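Subject: Structure handover, aromatic rings

Hello,

Here is the structure for your files, with the sequence. My notes on its aromatic rings follow below.

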Amino acid sequence: MSDLLKFLDRSPSRYHAVANLCGELEAAGYTRLTEGRTRPVAPGGRYYVTRGGSALLAFRIPRRDFTGFMISASHSDAPTFRIRENAELSGPEDYVRLNTERYGGMLCAPWLDRPLTVAGRVLAQCGDAIETRLVYVDKELLMIPNVAIHMNRSANEGFKYDPKCDMVPLMGMGLEKGAFRREIACAAGCAPEDILGTDLYLCLRQKGVVWGAENQFVSAPRLDDLQCAWGCFRGFMAAQDSASVPVYALLDNEETGSNTRQGAAGTFLIDWLYRICDGVERERLPAVANSFLVSADNTHAVHPNHPEYADATHRPRMNGGVVLKHGIRYATDGASQAVFAALCEKAGVPVQHYANRADLPGGGTLGLIATAHVPAHTVDIGLAQLAMHSCYETAGVQDTEYLIRAMTAFYGASFREENGRFTL
């Protein structure tokens with residue numbers, strides 16, 4: 001659990017999360033590939049590639065002929081507030097605030113009255129090139145102040161937050177124009193005038209913790225979906241080779257529909273499955289047909305104060321094991337459920353089941369979106385958590401280890417389908 005908390009703490013933005021995993025891959029001897037260059041892949045090789053700085057693919061090619069791909073896909077982004085390009089808002093009085101917009105469907109209230117800062121990336125002029133630099137302002141830079149109960153008597157009776165008014169972060173008073181850009185430039189190690197573009201987001205300064213009478217819970221920012229991203233990565237790294245190519249995918253923009261070049265609706269995943277096949281002279285379509293995709297994204301635990309929101313017969317609990325998701329918003333069907341449940345049983349990992357209450361449609365995942373490009377058998381899974389899309393979420397300590405064990409078994413297996421018969 002300490003490793004997960006360190007990863008979360010070092011990953012205040014999607015760009016940092018991808019960079020941290022790239023560092024682990026480099027240390028383990030993986031070779032970095034570049035999409036804009038043709039570079040051969042070979043049996044026995046270990047490789048990784050990024051797109052847009054916020055999506056990552058890693059894979060190992062067996063020394064023998066392979067039958068298909070064993071793939072997991074999770075997402076690097078989380079609901080937050082994006083900093084707009086012309087960020088500084090002056091007034092009223094001599095306050096200096098930042099102009100933001102909501103990214104994804106977040107719970108607004110938890111962002112109030114917490115020390116915040118900014119993380120992401122800048123694009124800076126560096127000689128004749130434009131260079132990408134990660135940014136994390138390592139100080140309590142911002143806060144979104146609540147309105148006192150004396151001025152908003154209905155605050156505890158249900159309140160609709162206006163993002164252009166109620167959710168605007170305060171940075172200081174009486175600051176000279178350009179103060180925010182100077183802060184960002186200092187963190188990026190460049191001059192303010194060298195910054196040509198930015199992708200910056202609010203993030204909490206509060207670190208993750210393990211808590212509870214018996215330390216059963218973990219609370220941290222971005223558990224959805226970096227808990228799954230971390231568990232799948234650890235399983236990918238630990239698995240033994242099989243007759244399939246293990247592929248680890250971390251994609252971006254799931255919280256806003258995945259319809260980007262680095263999201264599940266883009267071609268990043270299928271592009272590289274085809275490149276792998278072409279590189280070792282393997283037929284593309286049979287390889288994809290004998291592949292299996294795990295879409296890993298956290299799901300809802302039964303809430304201790306509102307158990308009525310859970311479906312009557314689908315009631316996942318934290319620390320109860322990996323959760324299989326069912327319903328029209330998920331890619332799970334009977335075949336993919338059976339295959340993944342069989343793998344979990346072999347690994348000694350308990351399995352739970354989730355479905356939305358019939359009158360409370362939940363959010364979708366990248367599973368259905370990805371299968372439009374990668375027609376592999378797909379299962380949607382997750383880990384049970386509370387306060388999804390809050391800036392500080394809660395999950396079960398034991399479930400991360402369950403996911404690692406399940407994905408280690410998954411990546412060490414091979415999948416084949418023939419006339420409705422499935423073998424592992």
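The count comes to 17 aromatic pairs, where rings of Phe, Tyr and Trp (its six-membered ring) pair if their centres lie within 6.5 Å, and planes under 30 degrees apart count as stacked, over 60 as edge-to-face and the rest as tilted. One of them joins Trp211 and Phe217, a tilted pair with 4.8 Å centre to centre and 40° between the planes. Trp211 is partly exposed at 39% relative accessible area, and Phe217 is partly exposed at 22%. (Buried means under 20% relative accessible area, exposed over 50%, partly exposed in between, with a 1.4 Å probe and protein chains only.)

Phe415 and Phe422 form a stacked pair, 6.0 Å centre to centre with 20° between the planes. Phe415 is buried at 1% relative accessibility, whereas Phe422 is partly exposed at 31%. Both belong to a cluster linked by ring pairs, whose members include Tyr30, Phe233, Phe236, Tyr248, Phe292, Phe340, Phe410 and Tyr411.

Two arginines also sit over rings. The charged end of Arg14 lies over the ring of Tyr103, 4.5 Å from its centre, and that of Arg234 lies over the ring of Trp230, 4.7 Å from its centre. (A charge sits over a ring if NZ of Lys or CZ of Arg is within 6 Å of the ring centre and within 35 degrees of the ring normal.)

This is a predicted model: local features need pLDDT of at least 70, side-chain atom pairs count only at pLDDT 80 or more, and totals for chains, interfaces and linings use all residues. Residues are numbered from 1 along each chain as its sequence is written, and side-chain values use heavy atoms, leaving out hydrogens and water.

Regards
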